[in-house]
Amino acid sequence: MQLTEHFTLDEFTRSTTASRLKIDNSAPDDLMPNVKLTAIKLELVRKALGKPIIITSGYRCPALNARVGGVSTSAHTKGLAVDFKSSFGTPKEICQRLIDAGVQFDKLIQEHNQWVHIGFSPSNNRQIVLTAIKNSGKTVYVNGLI
Ligand SMILES: [Zn+2]
């Protein structure tokens with residue numbers, strides 16, 4: 001199912017972990033408005049980068065989210081966040097570009113120099129920017145891009 005010009009529902013729900021564990025990661029009907037909103041916002045992300053983006057994790061049902069160690073309140077479980085990469089550049093370069101381009105988001109996280117997490121809110125996008133780093137093996141979030 002095509003959500004927007006460049007994004008399909010399958011890109012939001014496919015998960016190798018879910019397939020391996022036989023978890024049904026389909027997005028429930030009541031979350032479809034959120035998933036569609038996220039796709040619309042991602043079109044603006046794609047436009048700001050001028051390059052395609054590859055979603056590595058989109059919607060996560062509660063069972064999948066728990067298995068991948070996500071916090072239970074994760075925006076991924078509401079269909080309002082994705083993790084992605086892009087040939088545009090490094091996660092830090094991507095984040096900087098999105099900030100410079102004035103892209104609206106609730107939370108933008110440069111994750112361990114490996115991927116970008118972006119989350120949206122239907123009502124109030126807070127423009128929070130964080131960097132995830134490992135500290136003694138534990139993930140910690142620090143303000144801004146480092
Ligand atoms: Zn994420």
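Visitor: Let me start with the strands. What is the bridge partner of Val82 in strand 4?
Guide: That's Ile118. Keep in mind that this is a predicted model.

Visitor: How many bridges join strand 2 to strand 4, and which way do they run?
Guide: There are four bridges between them, and the two strands run antiparallel.

Visitor: What else does strand 2 pair with?
Guide: Strand 1, residues 53–57, is joined to strand 2 by four bridges, and that pair runs antiparallel too. As one spot to look at, Ile55 stands opposite Phe84 in strand 2.

Visitor: Is strand 2 enclosed or open?
Guide: Five of its six residues are buried, so strand 2 is largely enclosed by the rest of the structure.

Visitor: OK, on to strand 3. Where is it, and how covered is it?
Guide: Strand 3 spans residues 107–111 and is mostly covered, with four of its five residues buried.

Visitor: Which sense does its pairing with strand 4 take, parallel or antiparallel?
Guide: Antiparallel, over five bridges, with strand 4 covering residues 115–119. Within that pairing, Gln110 stands opposite Val116 in strand 4.

Visitor: What's in the turn between those two?
Guide: The hairpin of strand 3 and strand 4 has three residues between the strands, and His112 there takes a positive phi near 50°.

Visitor: And which sense does strand 3 take with strand 5?
Guide: Parallel this time: strand 3 pairs with strand 5, residues 128–135, over five bridges. Ile109 has Leu130 in strand 5 as its bridge partner.

Visitor: While we're on strand 5, is Ile128 buried or partly exposed?
Guide: Ile128, which sits in strand 5, has a relative accessible area of 24%, so it counts as partly exposed.

Visitor: Which residues does Ile128 touch?
Guide: Leaving aside residues up to four places away in sequence, Ile128 touches Phe105, Asp106, Lys107 and Leu108. As for Gly144, 16 residues from Ile128 along the chain, the two C-alpha atoms are separated by 8.1 Å.

Visitor: New topic: the metal. Which residues are the protein donors of the zinc ion?
Guide: They are His76 through NE2, Asp83 through OD and His117 through ND1, lying 2.0 to 2.1 Å from the zinc ion. Along the chain, the donors follow the spacing H-x6-D-x33-H.

Visitor: Why does His76 count as buried?
Guide: Buried means under 20% relative accessible area, and His76 counts as buried because its relative accessibility is 2%. His117 is at 9%, so it counts as buried as well.

Visitor: One more: where does Glu11 lie?
Guide: Glu11 lies in helix 1, residues 9–13.

Visitor: What is the nearest side chain of opposite charge to Glu11?
Guide: Arg14, at 4.6 Å. Glu11 is buried yet has no salt bridge.

Visitor: So which polar atom does a backbone nitrogen lie 2.8 Å from?
Guide: A polar atom of the side chain of Glu11 lies 2.8 Å from the backbone nitrogen of Thr8. Not counting residues up to four places away in sequence, Glu11 touches His6 and Ile55, and Ile55 is the residue that stands opposite Phe84.

Technical notes. Residues numbered from 1 in each chain as written. Predicted model: local features only at pLDDT ≥ 70, side-chain atom pairs only at ≥ 80, totals over all residues. Heavy atoms only, no water. Buried < 20%, exposed > 50% of the residue type's maximum accessible area, 1.4 Å probe, protein only. Pairing = 2+ DSSP bridges. Lys, Arg positive; Asp, Glu negative; His and termini not counted. Salt bridge = Lys/Arg side-chain N within 4 Å of Asp/Glu carboxyl O. Polar contact = N/O pair within 3.5 Å; in protein donor to acceptor, adjacent residues only side chain to side chain. Contact = heavy atoms within 4.5 Å. Donors = N, O, S within 2.8 Å, 3.2 Å for Na, K, Ca; no water.
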